[in-house]
Amino acid sequence: MATPTNAPALRRKARHERLRTLGFLSPWLVGFTVFFGYPLIATVYFSFMHYNQIEAPTFVGLRNWRYVLEQMPLFGPALWNTLWLVVVMVALRVVFGLGIGLLVTRIKSGVGFFRTAFYLPYLAPPVAATVAFVFLLNPGTGPVNGILGHLGIDAPNWFNDPAWAKPSLVVLSLWGIGDLMVIFMAALLDVPRDQYEAAELDGAGPFHTFRYVTWPSITPIVMFAVVTGVVQTMQYYTQALVAGKLASGVSVGPGTVIQPGYPDHATLTVPQLVYSLGFQNFNTGAACVLSLVLFAIAMAVTMLLMRRRAGLLSAED
């Protein structure tokens with residue numbers, strides 16, 4: 001127990017330690033406040049305001065919320081498309097990335113070539129990659145449909161068909177799978193070799209080796225890939241917007257306003273709707289409501305995935 005004579009010295013020491021800790025945390029605190037805390041508070045504030053970015057905001061209560069949740073006709077399709085992409089695109093990217101990682105780590109020769117070949121598409125800018133894919137999958141002039149036609153296969157209209165537009169975006173995302181391939185390769189190469197040798201001595205086949213040796217070791221990495229994939233797909237904007245504009249055949253020039261979601265709102269996502277409301281129609285209040293709804297869904301899905309009962313982590317991890 002501190003005596004009365006050294007108690008002030010101990011308090012000063014504790015205060016200095018707190019200030020030093022706060023000093024080390026200050027860069028993160030400033031960044032969090034400026035780039036997350038303030039924008040989130042401002043978004044909540046403007047969601048209750050009528051604000052056209054020109055006149056002063058005026059309080060309208062829950063009118064923006066009722067408009068978005070009850071009256072906006074495109075909110076349902078945009079939310080459905082976003083959630084569809086989250087489920088399908090994230091799942092296929094994780095499975096495909098893990099499969100490519102397993103393939104590259106198993107081959108005996110040409111490893112450097114295959115690593116480079118699978119990783120290079122990821123380095124392509126999103127706009128350039130989307131433009132190339134729209135050209136390749138063009139129903140009239142694209143080489144993909146030409147090859148399928150020579151093989152006697154009825155080729156789809158890809159980005160021009162509402163039923164194929166979202167699967168085409170998924171194919172585009174699988175083409176740039178290099179980021180997940182590298183992550184899974186690092187995880188697979190980190191699995192202890194003695195465990196594989198023990199499984200081989202016990203007579204385990206490839207399936208049981210993967211199930212009881214590889215999978216428990218890479219489960220945290222799979223968890224990371226799923227959570228980050230969900231967050232990124234919730235913000236899916238550029239590829240869907242560029243693909244829709246190019247596939248529609250509408251020339252974009254100064255002053256041209258094109259409604260996103262071609263064809264038939266099949267590629268419309270919530271981030272596109274936020275941009276359209278906030279920066280094309282200057283309805284900032286409704287755009288803020290959409291942003292908060294998207295944020296709440298992303299947080300709920302992330303929290304669900306982070307729980308052990310989501311099935312991505314075993315009980316002993």
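Predicted model: local features only at pLDDT ≥ 70, side-chain atom pairs only at ≥ 80, totals over all residues.
Helix α12, which spans residues 270-280, packs against helix α13, residues 284-306. The angle between the two helices is about 160°, and their axes lie 8 Å apart. Because angles over 145 degrees count as roughly antiparallel, α12 and α13 are assigned to that class. The crossing of α12 past α13 is left-handed. On the α12 side, the contact is made by Val270, Pro271, Leu273, Val274, Leu277 and Gly278. These residues meet Thr284, Ala286, Ala287, Leu290, Ser291 and Leu294 of α13. By class, nine of the residues in this contact are nonpolar and three are polar, with no charged residues.

Helix α12 also contains Ser276. The relative accessible area of Ser276 is 4%; since buried means under 20%, Ser276 is classed as buried. When neighbours within four places in sequence are left aside, Ser276 is in contact with Gln259, Pro260 and Asn281.

Helix α12 contributes to the burial of another helix, α11, as part of what covers its buried residues. Helix α11 comprises residues 238-248, and its buried residues are Ala240, Leu241, Val242, Ala243, Gly244 and Ala247. The cover over these positions also includes α5 (126-136) and α7 (162-175). Just after α11, Gly249 adopts a positive phi of about 75°.

Aromatic pairs were searched for across the whole structure, and 13 were found. One of them joins Tyr45 and Phe46 in an edge-to-face arrangement, with 5.1 Å centre to centre and 70° between the planes. Tyr45 has a relative accessible area of 41% and is therefore partly exposed. A further pair, Tyr119 with Tyr122, is tilted, at 5.7 Å centre to centre and 45° between the planes. Both tyrosines of this pair belong to helix α4 (residues 111-123), where Tyr119 and Tyr122 are three residues apart, about one turn of the helix. An α-helix has 3.6 residues a turn, so residues separated by three or four places point the same way. Tyr119 is partly exposed at a relative accessible area of 28%, and Tyr122 is likewise partly exposed, at 38% relative accessibility. Elsewhere, Trp28, Phe32, Phe36 and Phe295 form one aromatic cluster.

Technical notes: Residues numbered from 1 in each chain as written. Heavy atoms only, no water. Axes fitted to C-alpha atoms, helices over the stretch in contact; angles between N-to-C directions. Helix = DSSP H or I, 4+ residues; strand = E, 2+ residues; numbered from the N terminus. Parallel < 35°, antiparallel > 145°, perpendicular 65-115°, else oblique. Left-handed = near helix turned anticlockwise from the far one by under 90°. Contact = heavy atoms within 4.5 Å. Nonpolar A, V, L, I, M, F, W, Y, C, P; charged D, E, K, R; others polar. Buried < 20%, exposed > 50% of the residue type's maximum accessible area, 1.4 Å probe, protein only. Phe/Tyr/Trp six-rings, centres within 6.5 Å; stacked < 30°, edge-to-face > 60°.
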